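Dear colleague,

I am passing on the structure we spoke about, together with some notes on what was found in it. Please read the notes with the model open beside you.

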Amino acid sequence: AQGVAASFGPAAAASFQVGLFAAGLSSSLTAPLATRYALCGLLGWERDSRRATASWAVVAVGGTLAASLPWFNPLSTILFAQVCNALLLPLLASAVLLVAASAEVMGEFSSSRVQIALGIAVVIVTLTLSARTFAAP
């Protein structure tokens with residue numbers, strides 16, 4: 001909160017708290033749902049099946065229980081997630097760019113030259129951000 005105090009003044013602490021709460025709330029909802037959809041696609045389950053609902057519940061309850069442990073350090077978890085994001089984002093952005101640009105895979109829906117150029121710019125930005133993450137002290 002002290003880092004944003006210059007921009008937000010006396011409202012910095014409240015703004016920071018609201019932002020953290022919103023981030024936590026959105027993550028607590030999207031992580032179980034994303035797991036449910038990924039498992040349904042991977043394992044061929046129907047989205048409204050009991051197995052899909054159970055997978056959602058296990059992730060939601062498991063995450064809540066893990067975060068409630070007295071030795072749980074949320075800062076370490078956030079830092080670990082950021083390192084994983086810094087490693088994976090450029091790779092995934094590059095893979096998506098290659099698939100989207102491939103006429104063999106996408107057929108008539110493959111990316112145009114402008115879209116490919118924009119995609120390359122996105123990959124460069126993700127590489128720059130990742131390099132900055134690892135170069136930071």
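This is a predicted model: local features need pLDDT of at least 70, side-chain atom pairs count only at pLDDT 80 or more; totals for chains, interfaces and linings use all residues.

Residues are numbered from 1 along each chain as its sequence is written, and side-chain values use heavy atoms, with hydrogens and water left out.

R36 lies in helix α2, residues 12–43, where helices are DSSP runs of H or I with at least four residues, numbered from the N terminus. Which side chain of opposite charge is nearest to R36? It is D48, 6.5 Å away, and R36 is buried yet has no salt bridge; here buried means under 20% relative accessible area, exposed over 50% and partly exposed in between, with a 1.4 Å probe and protein chains only. A salt bridge is a side-chain nitrogen of Lys or Arg within 4 Å of a carboxyl oxygen of Asp or Glu, and for charge Lys and Arg count as positive and Asp and Glu as negative, with His and the chain ends not counted.

The buried residues of α2 are A12, P32, R36 and C40. The helix has 32 residues and reaches 46 Å from its first C-alpha to its last, close to the 46 Å expected at 1.5 Å a residue, the expected span being 1.5 Å times one less than the number of residues. After α2 comes G44, whose phi is positive, near 75°.

Helix α6 (residues 113–135) has 23 residues and spans 33 Å between its first and last C-alpha, close to the expected 33 Å. Within α6, G119, V123, T126 and S130 are buried, and the buried residues of this helix pack against α4.

On the surface, V83, L87, L88, L91, L92 and F134 form a nonpolar patch with about 580 Å² of accessible area together. Its largest share, five residues, comes from helix α4, residues 74–101. Patches are made of residues with over 30% relative accessible area and no salt bridge, with like charges joined within 9 Å and nonpolar side chains (Val, Leu, Ile, Met, Phe, Trp, Tyr) within 5 Å; the areas come from the Shrake-Rupley method with a 1.4 Å probe, and for residues only the protein chains shown count as cover. L88 counts as partly exposed because its relative accessibility is 45%.

Finally, F109 is placed in the loop between α5 (103–106) and α6, and F109 is exposed, with a relative accessible area of 64%.

With best wishes

Technical notes:
Helices (H or I, at least four residues) and strands (E, at least two) are DSSP runs, numbered from the N terminus. Contact means heavy atoms within 4.5 Å.
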